[in-house]
Amino acid sequence: MFKTVLMFLILSLAVPASTLSAAQAEDVAWSVLFPGTGQFRTGRYTRGAIFMGSEILALGGLLVVNIQYDREVEAYESARALYKSSSYIGDADYYYDSMVSAWDNADNLNGYRKALAGAAIGVWVVNVADMIWGKEAHNPPLALDVRSDGFMVCGTFRF
């Protein structure tokens with residue numbers, strides 16, 4: 001997985017240098033640093049917000065789950081040490097159950113960590129691919145509505 005991401009990173013930096021203009025390559029570089037920033041720079045605000053929000057959610061969730069995982073590992077190690085040093089069968093049984101419970105919780109949290117890391121990497125890859133091969137934003141002209149009491153100028157953007 002790491003090799004694939006590394007290869008994609010190298011390709012994402014090499015392709016813009018060969019096929020895109022300098023400004024487009026700079027936008028791709030901004031997106032490589034953090035998803036969504038390149039889209040914001042090119043006027044694709046909705047896509048930028050989606051990529052940036054998704055990346056923040058994935059990385060924030062990964063941070064929270066990683067903290068919980070570390071706590072469960074510490075609980076497992078503590079219960080394991082107490083289990084090994086217990087001399088009464090009731091204490092040994094209690095600490096064994098605590099140890100197994102902490103192990104199961106840590107194992108479940110490790111699965112969540114892998115899923116969230118995969119989601120963060122996936123968002124990053126799709127973001128960079130969108131910057132390299134996606135269509136440029138089309139900025140429609142301003143609309144002018146002339147009325148008897150004045151006029152109204154409005155512009156729109158699309159996804």
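The structure shown is a predicted model. The protein chain contains five helices and two strands. Read from the N terminus, its elements follow the order α-α-α-α-α-β-β. The chain has 159 residues, of which 23% count as buried.

The buried residues of α2 are Asp27, Val28, Ser31 and Val32. Because these residues cover an arc of only 145° around the axis, they lie on the same side of α2. The face turned away from this buried side carries Ala22 and Leu33, which are exposed.

The next step is to consider how two helices are arranged. Two packed helices are described by the distance between their axes and by the angle between those axes. Helix α4 comprises residues 45-85, and helix α5 comprises residues 89-133. Their axes come within 7 Å and cross at roughly 160°. Angles over 145 degrees count as roughly antiparallel, and α4 and α5 are therefore roughly antiparallel to each other. The crossing of these two helices is left-handed. In the contact of α4 with α5, the residues divide into 28 nonpolar, eight polar and six charged.

Technical notes: Residues are numbered from 1 along each chain as its sequence is written. This is a predicted model: local features need pLDDT of at least 70, side-chain atom pairs count only at pLDDT 80 or more; totals for chains, interfaces and linings use all residues. Side-chain values use heavy atoms; hydrogens and water are left out. Axes are lines fitted to C-alpha atoms, for helices over the stretch in contact, and angles run from 0 to 180 degrees between N-to-C directions. Helices (H or I, at least four residues) and strands (E, at least two) are DSSP runs, numbered from the N terminus. Angles under 35 degrees count as roughly parallel, over 145 as roughly antiparallel, 65 to 115 as roughly perpendicular and the rest as oblique. A crossing is left-handed if the near helix is turned anticlockwise from the far one by less than a right angle, and right-handed if clockwise. Ala, Val, Leu, Ile, Met, Phe, Trp, Tyr, Cys and Pro count as nonpolar, Asp, Glu, Lys and Arg as charged, and the others, Gly among them, as polar. Buried means under 20% relative accessible area, exposed over 50%, partly exposed in between (1.4 Å probe, protein chains only). The arc is that of the directions from the helix axis to the C-beta atoms.
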